[in-house]
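Subject: Structure for you to look at

Hello,

Here is the structure I said I would pass on. Please open it next to this message and follow along; my notes come after it.

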Amino acid sequence: MRSLILLVEDHVDSREMLEEFLTLEGFAVEVAGNGLHAWERLRRQPVPDVMLLDLMMPVMSGWELMERVQKEPRLKGLPVIVVSGAGATRPVPQGIRASIPKPLDLDDLMRALEPFRSQPELAAAY
(Lines give C-alpha, C1' and ligand atoms only; values in the text may rest on other atoms or scores of the structure.)
Protein backbone atom coordinates (compact mmCIF):
# COMPACT_ATOMS: atom_id res chain seq x y z
CA MET A 1 0.00 0.00 0.00
CA ARG A 2 1.43 3.36 -1.02
CA SER A 3 1.50 6.27 1.41
CA LEU A 4 -1.04 8.98 0.58
CA ILE A 5 0.14 12.58 0.23
CA LEU A 6 -2.25 15.52 0.05
CA LEU A 7 -0.43 18.13 -2.04
CA VAL A 8 -1.82 21.63 -1.46
CA GLU A 9 -0.39 24.06 -4.02
CA ASP A 10 -2.10 26.84 -5.96
CA HIS A 11 0.48 27.19 -8.73
CA VAL A 12 -0.65 24.75 -11.44
CA ASP A 13 2.79 24.04 -12.94
CA SER A 14 4.36 23.40 -9.53
CA ARG A 15 1.44 21.21 -8.47
CA GLU A 16 1.58 19.10 -11.63
CA MET A 17 5.37 18.73 -11.47
CA LEU A 18 5.29 17.69 -7.81
CA GLU A 19 2.38 15.31 -8.35
CA GLU A 20 4.25 13.57 -11.16
CA PHE A 21 7.52 13.47 -9.23
CA LEU A 22 5.91 12.07 -6.06
CA THR A 23 3.96 9.48 -8.03
CA LEU A 24 7.17 8.32 -9.71
CA GLU A 25 8.72 8.11 -6.22
CA GLY A 26 6.01 5.62 -5.25
CA PHE A 27 3.50 7.78 -3.37
CA ALA A 28 -0.23 8.03 -3.95
CA VAL A 29 -0.99 11.72 -4.45
CA GLU A 30 -4.16 13.76 -4.18
CA VAL A 31 -4.07 17.47 -4.98
CA ALA A 32 -5.83 20.62 -3.84
CA GLY A 33 -5.43 24.04 -5.42
CA ASN A 34 -6.06 26.03 -2.24
CA GLY A 35 -6.68 25.64 1.47
CA LEU A 36 -10.45 25.41 1.11
CA HIS A 37 -10.21 22.51 -1.35
CA ALA A 38 -7.73 20.84 1.02
CA TRP A 39 -10.08 21.35 3.98
CA GLU A 40 -12.94 19.77 2.05
CA ARG A 41 -10.71 16.79 1.23
CA LEU A 42 -9.45 16.44 4.82
CA ARG A 43 -13.00 16.13 6.09
CA ARG A 44 -13.35 12.83 4.18
CA GLN A 45 -11.74 9.46 4.85
CA PRO A 46 -9.07 8.31 4.59
CA VAL A 47 -6.93 10.94 6.25
CA PRO A 48 -3.72 11.34 4.21
CA ASP A 49 -0.47 10.03 5.67
CA VAL A 50 1.13 13.46 5.20
CA MET A 51 0.19 16.85 3.76
CA LEU A 52 2.54 19.04 1.69
CA LEU A 53 1.32 22.59 2.18
CA ASP A 54 2.00 25.86 0.42
CA LEU A 55 1.21 28.86 2.63
CA MET A 56 0.42 31.69 0.24
CA MET A 57 -2.72 30.69 -1.66
CA PRO A 58 -5.97 32.33 -2.70
CA VAL A 59 -9.36 31.49 -1.16
CA MET A 60 -7.84 30.02 2.05
CA SER A 61 -4.17 30.32 2.95
CA GLY A 62 -2.04 27.59 4.46
CA TRP A 63 -2.07 29.47 7.78
CA GLU A 64 -5.87 29.47 7.82
CA LEU A 65 -5.99 25.79 6.89
CA MET A 66 -3.57 24.90 9.70
CA GLU A 67 -5.75 26.77 12.22
CA ARG A 68 -8.66 24.53 11.21
CA VAL A 69 -6.54 21.37 11.23
CA GLN A 70 -5.28 22.14 14.75
CA LYS A 71 -8.86 22.54 16.02
CA GLU A 72 -10.09 19.27 14.49
CA PRO A 73 -9.36 16.37 16.89
CA ARG A 74 -9.08 13.68 14.20
CA LEU A 75 -6.60 15.80 12.19
CA LYS A 76 -4.48 17.16 15.01
CA GLY A 77 -1.78 14.51 14.50
CA LEU A 78 -1.65 14.91 10.71
CA PRO A 79 1.99 15.32 9.67
CA VAL A 80 2.40 18.53 7.66
CA ILE A 81 5.41 19.63 5.65
CA VAL A 82 5.33 23.25 4.56
CA VAL A 83 6.70 23.89 1.08
CA SER A 84 6.63 27.65 0.67
CA GLY A 85 8.61 30.79 0.03
CA ALA A 86 6.59 32.62 2.69
CA GLY A 87 8.61 31.59 5.74
CA ALA A 88 10.65 34.77 5.68
CA THR A 89 7.58 37.02 5.53
CA ARG A 90 5.52 35.40 8.26
CA PRO A 91 6.28 32.56 10.68
CA VAL A 92 5.25 29.08 9.62
CA PRO A 93 2.15 27.76 11.38
CA GLN A 94 2.27 25.65 14.50
CA GLY A 95 1.95 21.91 14.14
CA ILE A 96 4.21 21.38 11.16
CA ARG A 97 6.85 18.65 10.93
CA ALA A 98 9.22 20.40 8.53
CA SER A 99 9.53 23.49 6.37
CA ILE A 100 11.20 23.43 2.97
CA PRO A 101 11.71 26.80 1.25
CA LYS A 102 10.98 27.52 -2.37
CA PRO A 103 12.58 27.21 -4.80
CA LEU A 104 12.18 23.59 -3.82
CA ASP A 105 15.13 21.24 -3.50
CA LEU A 106 13.77 17.79 -4.34
CA ASP A 107 16.46 16.05 -2.29
CA ASP A 108 15.36 18.03 0.79
CA LEU A 109 11.76 17.09 0.05
CA MET A 110 12.56 13.40 -0.21
CA ARG A 111 14.51 13.49 3.07
CA ALA A 112 11.47 15.04 4.77
CA LEU A 113 9.18 12.40 3.22
CA GLU A 114 11.40 9.41 4.00
CA PRO A 115 9.48 8.44 7.19
CA PHE A 116 6.31 8.20 5.11
CA ARG A 117 7.56 5.82 2.45
CA SER A 118 5.57 2.61 2.48
CA GLN A 119 7.48 -0.52 3.23
CA PRO A 120 7.17 -3.03 0.42
CA GLU A 121 5.17 -6.04 1.47
CA LEU A 122 7.21 -9.18 1.86
CA ALA A 123 6.54 -11.58 -0.95
CA ALA A 124 5.65 -15.14 -0.05
CA ALA A 125 8.54 -17.55 -0.52
CA TYR A 126 6.40 -19.98 -2.49
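I begin with Gln94. Leaving out residues up to four places away in sequence, Gln94 touches Met66 and Gln70. Gln94 sits in the loop between strand 4 and strand 5. Its relative accessibility is 69%, so Gln94 counts as exposed. Val80 is 14 residues from Gln94 along the chain, and the C-alpha atoms of these two residues are 9.9 Å apart. Please keep in mind that this is a predicted model.

The whole chain

The protein chain has four helices and five strands. Starting at the N terminus, the order of the elements is β-α-β-α-β-α-β-β-α. Of the 126 residues in the protein chain, 41% are buried. If you take the contacts between residues at least 6 apart in sequence, 66% of them join residues at least 24 apart. The chain exposes about 7300 Å², and 53% of this comes from carbon and sulfur atoms.

Helix 3

Helix 3 covers residues 62-71, and its buried residues are Gly62, Trp63, Leu65, Met66 and Val69. Seen down the helix axis, these buried residues fall within an arc of 155°, so they line one face of helix 3. What do the buried residues of helix 3 pack against? They pack against helix 2 (35-42), strand 3 (50-53) and strand 4 (80-84).

At the N-terminal end, helix 3 is capped by Ser61, which has a side-chain oxygen 3.3 Å from the backbone nitrogen of Trp63.

The cores

The largest nonpolar core has 19 residues, and those that touch the most other members are Leu6, Val8, Leu42, Met51, Leu53, Leu65 and Val69. At least two residues of this core come from each of strand 1 (4-8), helix 2, strand 3, helix 3 and strand 4. Helix 3 gives the largest share, four residues. There is also a second, separate core of 17 residues, which includes Leu18, Val29, Val50 and Phe116. As a general point, nonpolar side chains in soluble globular proteins tend to be buried together.

Not counting residues up to four places away in sequence, Val69 touches Trp39, Leu42, Met51, Leu75 and Lys76.

Strand 1

How many of the five residues of strand 1 are buried? Five of the five are. Both faces of the strand are covered, with Leu4, Leu6 and Val8 buried on one side and Ile5 and Leu7 buried on the other. Strand 1 pairs with strand 2 (residues 28-32) in the parallel sense, over five bridges. Within strand 2, Ala32 is the bridge partner of Val8.

Two loop residues

Is Asn34 buried or exposed? Asn34 has a relative accessible area of 7%, and the cut-off for buried is under 20%, so Asn34 is buried. Asn34 belongs to the loop between strand 2 and helix 2. A polar atom of the Asn34 side chain lies 2.9 Å from the backbone nitrogen of Leu36. Apart from neighbours within four places in sequence, Asn34 is in contact with Val8, Met57, Pro58, Val59 and Met60.

Val59, one of those contacts of Asn34, is in the loop between strand 3 and helix 3. Val59 has a relative accessible area of 63%; exposed means over 50%, so Val59 is exposed. Val59 also has a positive phi of about 70°, although it is not a glycine.

Backbone details

Gln45 and Pro46 are joined by a cis peptide bond, with omega about -5°. Pro46 is in the loop between helix 2 and strand 3. Lys102 and Pro103 are also joined by a cis peptide bond, with omega about 0°. Pro103 is in the loop between strand 5 (98-101) and helix 4 (106-113). For background, most residues other than glycine have a negative phi, and most peptide bonds are trans.

Regards

Notes: Residues numbered from 1 in each chain as written. Predicted model: local features only at pLDDT ≥ 70, side-chain atom pairs only at ≥ 80, totals over all residues. Heavy atoms only, no water. Buried < 20%, exposed > 50% of the residue type's maximum accessible area, 1.4 Å probe, protein only. Contact = heavy atoms within 4.5 Å. Areas by Shrake-Rupley, 256 points an atom, 1.4 Å probe, with all protein chains shown as cover. Arc of directions from axis to C-beta. Polar contact = N/O pair within 3.5 Å; in protein donor to acceptor, adjacent residues only side chain to side chain. Core = buried A, V, L, I, M, F, W, Y, C linked by side-chain atoms within 4.5 Å. Pairing = 2+ DSSP bridges.
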